[in-house]
Structures are given as C-alpha cells and as structure tokens.
Amino acid sequence: MSKLPKPKDLASSINYTPPREHWMDIKPEFRPGTYSYPAKPQLVEKMGFPNPHEWSPTDEDWHLPENWQEIVYNTFRDRLEKYRSLKVFMDICVRCGACADKCHYFIGSGDPKNMPVLRAELLRSIYRKDFTTFGKILGRFGGARKLTEDVIKEWFYYFYQCTECRRCSLFCPYGIDTAEITMMGREILHELGISINWVMEPIYNCFHVGNHIGIPPHTFKDIVDFMCDDIEEITGIRIEVPLNKKGAEVLFVTPSGDYFADPGTYTFMGYLMLFHEIGLDYTMSTYAAEGGNFGLFNSFEAMKRLNAKIYAEAKRLGVKWILGGECGHMWRVIHQYMDTMNGPADFLEVPRSPITGTVFHNAKSTKMVHICEFTADLIKHGAIKLDPSRNDDLIVTHHDSCNPSRAMGLLEEPRYILKHVCNHFYEMPEQTIREQTFCCGSGAGLNNDEFMEMRMRGGLPRANAVKYVHDKYGVNTLTCICAIDRAALPTLMDYWVPGVRVAGIHELVANALVMKGEKERETNLRGEPLPGKEG
Amino acid sequence: MSAVYSLIIVLALVLVAVVGAGGGGLHALFGVVIPYVAFVVFLAGFIYRVINWAKSPVPFRIPTTAGQQESLKWIKQNKLDNPSTTWGVIGRMVLEILFFRSLFRNTKMQLKVNGGPSLSYGSSKFLWVGAIVFHYCFFIILLRHGRFFTDPVPGCIEWLDKLDSILQIGVPNIYITEFLIVGALLYLFLRRVCDSKLRYISLPADYFPLFLIMAIVITGILMRYFIRTDIVAAKDLIMGLVTLHPKVPETLGTIFYVHVFLVSILMAYFPWSKLMHAGGIFLSPTRNLANNNRMKRHINPWNYPVKLHTYEEWEDEFRDVLKEAGIPVEKE
Amino acid sequence: MKESFFKKLEENQDKIVKKWVEFALSTYPSKAKEFFEKQKDPFLNPVGNVLKNELMEIYKGLLQPKAPEDLCFHVDPIVRVRAVQDFSPSSAVMIFWGLKDIVKEVLEIKDFDGSEWLEMDRFFRRIDQLCLLAFDIFMSCREKIWELKTKEVHANIRNILRHYQNQRKKDEGGS
C-alpha cells in the first residue's frame, strides 16, 4: 500500500470481469497482508526439522529440495496410511457446498479458494492424480492435476489462511474437517522445509526455554512478581506464587500469552487471586511454562515434543492432578491429543477439587481440568464470595473460542461463571455463538502483524456480531477463554467496533471476588476506578 | 462444460444399450452378463473400499462437538450433539444418517434487519429438503423393486407399493416417489448450475451420477407408463439372475435393457466414486466417536517416541539464574 | 414544465441504488459477488449487507440539502471493509464515482436544458465531495491498521519491558 502504483497496475486492479478460468489455472498472488513470513532456517535446523532453507513467498524460486516431488508423495502416502480421517475425507466429499459460506475467511474476503470445499480440493486434486486410478486416467476431467511448484505455493498460501477453527466441519453432512486437511497440508509443507516463523519461533522457544516468547525462568518470576505488586496495590493482599514447588497438590499450566501480553495479564492476575483466596495448594512450572502448543499448527511431531513437558513436569513435581488456564488450541491439544500422545497419566490421581470435594469424572483419564469447570464448581458450592456489582460498568457478551466449543463442548461453564460475576450479560445472535461461533480470524499461528489485513477480513463476521450487541445493548466488554483471542480480538475490536474491550473470564471473576482481608477496592484489575468510585 | 461432458457420456451409454440390445440383439450380454459383472464389481468394490479405509487407523479421537460436553453433574449435557457414550454416538449417527442432522443445521432461522428486525428462513434449507427427498425416494424405489426379486413377494413390499401409489391417479397408478425423485434430481442439478459458487467447485464426477440416475428414472417411468413392457417376462429374467439360473425371455423390449444397463453402470461406478459417501459416513472420525477424551484414553497404534528437551537438560542450562531467582532446583 | 432533476433522482431511487450496489459488488470475483449478493443474513454476510444498506442511506443523504460530510457514518462501514480487502486506494473508493455513470444511464440523460444541467452539476459536486470523504476515511483506516500493528507489539512486550527497566534500576542501584 505504501508504494504508489504505476498506471498499468492501477488499470489492472480495476477489473470487473470475474475470473473465467478454472480454479486450477489461477495462481495465488502474494500481496502484503495476506501471507505470513517464512520460518528462519536456523530455527528449523535447531529443532532438527527437515530441509531448512532460505526462501521467500514472493520469490519465483522457493529453493525446494531436489527430490521435493518424492518427498510430497511419500509424506502424503504415509499420512494416508496413518490417518483414516485423511483417507476418508479425500474420498467422500460430494461437493454439496454446505460448507462454502461457513468459513470466516471466505465471508470476509470472497476468495473462492477460501471455501472449505475448495481448500480441500487443493489437496484432493493431487491425491486423485497420485493415489487413484480414475484420477490417473482422467486427469483434470476427473478432478486431478499434476503436482507442480505452483501447487506448493498455492498450498502454502491457503493452508496458512485457515485457522483450523472447524466451523465448516460442523455443517458438513459427512463431518469432513478442514482443520484435519489443513494440518496434513502443513505437515507436507513442513517436510519440504516450508513453514511460517510465527509458528516456528514459538515452537523453538517453547521447546528450549519453556514458553512461546522465550522468557527465561528468572524473568518469568520477575513478571509474576510485578503482577503480585499490582494485586497488592489493588487489594492490599500480598500473594505468593509457588514456582516449581515439589509436592504441591495441583500443577497449574496456562498459555504464556496470559503472563506476557495485555489484556491476558489481567486474566492471569485473576487466576492468582482466586487460588490465593481459596487456599489452593498449587504450583506453576518454569520448565513447562506454556499451555499453548504451536506444534499443533506445524506437525504432529512438533506438537508431541512440546506437550510432553506437561506430564513430565507433573511427574517430577509429584502433583496429584493438573489444572489448565483459559486457552483455545491448548485445550484442543489437551482434550483430544495429550493423553493419547504422552499418556497414560497413571502417576496422577483423578482430579478432585480440594475445596468442594467434587471429583471431576470427566477428566479421570487425562487428569487435567479446565479452570472454567473448576471455578463453576466453586461458585455452585458457594465456595467463593462474589460481588458482581463491581463489574456493573461492564456490559458483557461472550465469544465462544473455537476449540473449546467444537473440540470439547465447553459452552455452559463460562456462561455460568459470567452470570455470577457480572450483572449485564447479553448473547450475540445464535448463529454466531456456541458451536456455531465465528473465529477471531487469527488462530492456528496466524496472529502475526504481517497478516493483519487478512486477520481483519477473517475477523469481520465475529466483529459484526459484536457490533450488533454493541449497538443494541451498549455492550462494551467481550469475554473469551482463549489467549489468542485475548491477543487478537482487541485489535479486531479497535478496527471494527471501537469501544469494546476484551477480557478473560477470570479477570471478571477476580474483579468480583471478595477476598478475605482485602482493603476496600477502589479500582478494577486494570487500575480503572470501580463503578461508584469515580472521581 | 463439466455438465455437458457428463451428459454426453450418459447419452452415449444409452446409445450403447440401444444399439447393443436393440439393434444387435445381444440380450444375454445386456440382460445377464453385464448385470452379473456389475453386481460383482459393486460388491467387491464396496467391500474393498471400506476395508481400505478401515486399514488406516484412527490415531486420535477428534469428534466435532456440537453441544454442551459432559462435565459437572448439574450442567445439562447435549447427549446427541456431543455424545460421551456409545449409545450417544449411535444416536448421533442415526440422526446424521437418517435425518442428515448436520445439513439440517443449515436451516437455522435467520434475522433480517432491513426495515426493522424480522425472522426469516434461508434458502439453505432447500439443500436439506432436496437431499432428504432424493435419498428417501431412491431408497423406497429400490425397495419397491424387491417385488421383481422375490417370489412370493413379502407383505411389506406389497404394502410399500400400495402406499407409494396411494394417490391412485391414472392406470397403472402413479408412484409418488417417481415424481419426487425427478423433482429432487432437477433441483440438485439446477443448484449446481445456477449457483456460481457450486458451479465453480463442481466436477464432471458431480454431474455424471445425477444424469445417470436421472436416465435410470426416466427409462423406468417410460416402461411403466408409456412403452409397454412385459412385467412377467422381466420378473422371469430377474428371478433367473437371483436364483443363478439365468434365462433370457424373448418378449422384453429394448427399453428394459437400457434400464438394466444403466443400473449396471451405476453399480459398477459406485465404489470408485463420491457415491461412496454412503459408506464413508460410517467411518467419519469427527462423527462416529464419543467425546469422552479425558475419561478414557484413546490408543494411537503408531505413537512413536520423539526427541524431548528434558528437565535435566533444561536445568543445566538455567541453573544459575534459577538459583539466583530463588526457584528450587534438583542439583545444587 | 419539466420535472426537476432531483425529483427524478428521487423517483428512480430504488433502480439507481440497485444498480449502484451491483456495480460495487462487481468489484469482487464472481463467486464472492454472488455470495455477497444472495446471503441475506447480516451476520453470515456482513460485506454484502453493509453495501446494500449503506449505499441506500448514502443515496438518500445525497438527495438531502445537507452537506455530504454528514454521511460519514454511512460511508465508513463500506470503506472500512474495503481498506482490508486487497484493493488499491483508487479502486477501494471508486465505487462512489461510479454513481455518476449510473445516474446518467438510468435517467437516460443525453442532452439537457440549462436548468437541468445546473442541477446535475450540483448533484455531481456532492458525489465528488463524497469521494473525497471516502478517501479520507480510507486513509484513516490504513493508518489505523499500522497503529494497531505497533499497539500489538507493545501489548506483547509490556511486561518484558517492565522487567528490563526493573533490571536496569537494580543495576544502577547496585553500582
């Protein structure tokens, strides 16, 4: 945008004739704002991942390894043999189009290849050519095409324009899950040394240091101390946060976004205040200091390597069970992958709330409880005292984060909590919440700056629904239970619906939490005067 | 273009049957050999495809959850859209297979705000209706044909036949399903052609089955109402096939062979095409698994060990700063 | 006496706006155009619905005697969307200029007498103002994008900065 276009470009950009070509003939254009920067080869190398090399999306030559076609073929075959999901999804799509207008990127951009069905066809066309007899014989007539470097570029462009939110999978009559397709597409690219830095760097940091941005343990402690200072200022209570404490009952793991980025930090303060108030015997770990798992956005192997730390640390510290903070994709990994990949967790006990005595049977094998389940149970048993009027200046709506909604079904717990910690709560229209929730547009490793325009487009359906309740009920607070949401939604709101802030559920909990021995609170966690205490 | 190619192929197939069975008089080929071959291809192909799918394991339990999970006792679980038990999964699959539950979601109420908010229904519900009508009609017609394959004809088929012709219009009575299936096929075809999104994604393989089934339906209707066909002879031939004592009655017209030939093509084509969604839906991991992930460990048969960064390695690197910050360490 | 130009504009409102919306939608690829056109649910299709509703409001506004600056409220949602959709600045705002041709076409204006010419000129001046307004909004949206990028970076490192400031204080205190 910054460069002035030449008259020729100007003329070509004003083009009202729709593309007549077949989709296979249209190449993606790598324009700023629509793609993420490539992974630094040093990081790829240090992780021991295949084919690290310099390349750039805008270059003609991506410097693919010499036998790249063979690598693609072998990886594809291997994944077909390993994942029934992939094999079945490659075969059974009838192209009914039910998914076509369900993707937030399609709704926002109108790019036909952002229709989930076509995103999958990008892979399917190669599958037909390489793995089915009909495709081999019929070629394009049978929906097959030859694997060329342009196909690889197209895969990169569109598989990194999918947030793996699974909204399309909900509407597919056969349950075809584009997240699964995207994951396989990214795995194949990963084998060629093609990935994005916003995913690779967090993986590297998380693996070697313990969290996404590579905060070393002493800095982590420093940051936690700052938050305790802030809490003391607000409540008059000094909180101690146990780190790497052996023999604690509970290990608490949360996404690092909660302690390094605003407004996640307020949610983090909320956890600490809650734990202090109920006297929970817990510890955090500076080795497994990351709940999020960007490996999910790169390859199975990367995901497993990062996730293994949580159980390993739980074992070393000798805790009884694990409590997890508010996060989206983290909970996809924990709920659907962790036990299978790195279990069995037979060294842990079935989670039991030490405060209420509730046994969490739904987590009896994985032994990890979502903090919203934990807090909802506390509230149900009257174990904490709440003053929702402290949140009276907030008119709240709730964004169901994709993964907890469509890969878990955590829908009522956050709502139950919200209803007890604030007095003004309004739902967005029903086709945009719960299992039908719209993505923030920044998931699956795409919440980077260079992808900003695409994020704003993809987030438009979500923002639009917020705007509706903002205009109708004066909603000024959007709650969510995901660290990526907390990082991405403020930007989205700022652009589309100024005047709406973003908060984690536990920020509101902590605002309302009446703590034993606290001084009269003048401000909320953000240091703003509480309602009635202004001026 | 895709549609035109597919239409040409189907017309060519009709022509093959007309020339072969009509002109060439190859009744044994079109009445016996091809149906047998097609049936064997269908059966073997279907089984092969399902076994081939089943050979790949399901490494992770990845249901798409469409409602409240089972968690705390006092929170009401949505047992059908987010099942946590085998019975729940069966319920979900029944809804999915018999009532196209996921497609039905498309029919949600919609809010219009032009000139004040008002509720309306989106066009998307038509897809669900079209699909349901088509599949059920196809199924009923298939069952109705049971009267050609059984002797004596079971009561339930007779009953179904009566029910289908309950309107009692014309002689012979008109079947309701025949009209409905023509309508549904037309709808499914037109939406592919008229909606540019769908036109863009449609392959010849999407039009071909539509035309093929349409041709089968048309030849069927022609036989029943317009071109007299010797039903007794038809049943003779079919019973011959069923009892493995094939015989070829001489009184059957070309139209019968065209019908049978197209059905044979459909059978032989079925296992190698998208029509296998009929089998695939049962194996779809986002639908046929219970969301009991944290209750019961799912086993991945190819789970392999990966390179880890152990706590010991990590502590070696950060021991000094850990100690300085007062965080406990394993080795002093 | 001949009908006044503005009267004609009013009478043909629906027809003109319909064409205008079509024109605006035609700046998208065909598949997208159809979707933006047909999906009536404002939550499932914000892009198309914003265009339809706001262009109508803008048109009505242009017929009023008040200055087009008041239209900001309706121009903003359209331009805000286009500012993040692969459009060059000129093609993002040119949909507003397009109204001139549509008006000429619908009202079948070929030759006209003096008074009509003046009225049309008045109307077209408003369109020009509208376009400039749209351009201002477009630029502010682009500036907003850059501002948000820096804001995000800042939010991400606030605590780390705090840590290093703290460190420096400690170091200074120690030495």
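Setting aside neighbours within four places in sequence, B:Arg287 contacts A:Ser169, A:Leu170, A:Cys172 and A:Gly175, together with B:Thr64, B:Val89, B:Arg92, B:Met93, B:Glu96 and B:Ser102. The model is predicted.

**B:Arg287**

- B:Arg287 belongs to the loop of chain B that runs between α13 (277-280) and α14 (311-325).
- The relative accessible area of B:Arg287 is 1%, and the residue is therefore classed as buried, the cut-off being under 20%.
- A polar atom of the B:Arg287 side chain lies 2.6 Å from the backbone oxygen of A:Ser169.
- The backbone oxygen of A:Leu170 is also reached by the side chain of B:Arg287, at 3.4 Å.

**Cis peptide bonds**

- In chain A, the peptide bond from A:Gly343 to A:Pro344 is cis, with omega near -5 degrees; A:Pro344 is placed in the loop between α16 (329-342) and β4 (368-370).
- In chain B, B:Asp151 and B:Pro152 are joined by a cis peptide bond with omega of about 0 degrees; B:Pro152 is in the loop between α6 (146-149) and α7 (155-164).

**Positive phi in residues other than glycine**

- A:Arg434 has a positive phi, near 50 degrees, and is located in the chain A loop between α19 (412-421) and α20 (452-458). Its relative accessibility of 24% makes A:Arg434 partly exposed.
- B:Phe100 has a positive phi, near 50 degrees, and is found in the chain B loop between α3 (86-99) and α4 (101-104). With a relative accessibility of 15%, B:Phe100 counts as buried.

Definitions and conventions: Residues are numbered from 1 along each chain as its sequence is written. Chains are lettered from A and ligands numbered from 1 in the order in which they are written. This is a predicted model: local features need pLDDT of at least 70, side-chain atom pairs count only at pLDDT 80 or more; totals for chains, interfaces and linings use all residues. Side-chain values use heavy atoms; hydrogens and water are left out. Helices (H or I, at least four residues) and strands (E, at least two) are DSSP runs, numbered from the N terminus. Buried means under 20% relative accessible area, exposed over 50%, partly exposed in between (1.4 Å probe, protein chains only). A polar contact is a pair of N or O atoms within 3.5 Å; within protein, one must be able to donate a hydrogen and the other to accept it, and residues adjacent in sequence count only if both atoms are side-chain atoms. Contact means heavy atoms within 4.5 Å.
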